[in-house]
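Biologist: I'm new to this one, could you walk me through it?
Modeller: Gladly, let's have it in view before we start.

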Amino acid sequence: MSAASPDIVSTASPPFRDVRHAATLGGGYKPKSFGAAASAFISTEHDYLSRGAALSVNGDFFDKQLTPQLSYSFAQDTIGRTGTSFDVFSHTLTTNTFQAGATVVMTRESILVLGATLGLENGDQ
């Protein structure tokens with residue numbers, strides 16, 4: 001059950017069963033000082049479809065004393081009504097997320113972790 005089904009939460013509809021199918025694929029590669037990773041996902045129900053992808057890059061500098069990372073992810077969630085095509089009725093929410101960060105080794109006992117995230121959403125649900 002998802003937030004896309006408020007009548008189920010309020011018990012306004014008779015009991016029913018729904019099945020979610022989900023798949024994720026991802027991987028990364030860092031041969032030396034630079035690396036990259038990518039992933040993708042999809043998730044479906046009778047009245048819901050979610051899909052997205054992400055990409056990140058990172059590096060090690062100054063004998064691994066500085067490790068910056070940049071990443072981007074995209075997701076698109078679509079809700080509808082069971083038994084009705086998304087072409088007839090649907091609402092879509094698109095999310096773009098940008099992240100930047102770095103880890104700095106300060107001493108043998110301490111590190112400094114910096115990060116920032118920007119999330120942009122468009123649509124409604």
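**A hairpin and its surroundings**

Modeller: Let me begin with a pair of strands: strand 5 and strand 6 are paired antiparallel, and 13 bridges link them. Please keep in mind throughout that this is a predicted model.

Biologist: How many residues sit between strand 5 and strand 6 in the hairpin?
Modeller: Five residues lie between them, and the two strands form a hairpin.

Biologist: And which residue stands opposite isoleucine 111?
Modeller: That is valine 105, which faces isoleucine 111 of strand 6. Isoleucine 111 itself belongs to strand 6, a strand that covers residues 111-123.

Biologist: What does isoleucine 111 touch, leaving out residues up to four places away in sequence?
Modeller: With those left out, isoleucine 111 touches Thr103, Val104, Val105 and Met106.

Biologist: Is isoleucine 111 buried or exposed?
Modeller: Isoleucine 111 counts as exposed, because its relative accessibility is 53% and the cut-off for exposed is over 50%.

Biologist: What about strand 6 as a whole, how many of its residues are buried?
Modeller: The number is zero out of the 13 residues of strand 6, so this strand lies largely in the open.

Biologist: Switching to threonine 95, where is that?
Modeller: Threonine 95 is found in strand 5, which spans residues 91-105.

Biologist: Buried or exposed, that threonine 95?
Modeller: Threonine 95 is buried, because its relative accessible area is 19% and buried means under 20%.

Biologist: So which residues is threonine 95 in contact with, apart from neighbours within four places in sequence?
Modeller: Apart from those neighbours, threonine 95 is in contact with Ser73, Phe74 and Ala75, and also with Leu120 and Glu121.

Biologist: Let's zoom out, what are the elements of the whole protein?
Modeller: The protein has one helix and six strands, and when they are read from the N terminus on, their order is α-β-β-β-β-β-β.

Biologist: How much of the protein is made up of buried residues?
Modeller: Of the 125 residues in the protein, 19% are buried. The protein exposes about 9000 Å², with carbon and sulfur atoms supplying 60% of that area.

Biologist: Last one, what share of the contacts comes from residues 24 or more positions apart?
Modeller: Among contacts in the protein with a separation of 6 or more, such residues account for 40%.

Definitions and conventions
Residues are numbered from 1 along each chain as its sequence is written. This is a predicted model: local features need pLDDT of at least 70, side-chain atom pairs count only at pLDDT 80 or more; totals for chains, interfaces and linings use all residues. Side-chain values use heavy atoms; hydrogens and water are left out. Helices (H or I, at least four residues) and strands (E, at least two) are DSSP runs, numbered from the N terminus. Buried means under 20% relative accessible area, exposed over 50%, partly exposed in between (1.4 Å probe, protein chains only). Contact means heavy atoms within 4.5 Å. Accessible areas come from the Shrake-Rupley method with a 1.4 Å probe; for residues, only the protein chains shown count as cover. Two strands pair if DSSP finds at least two bridges between them.
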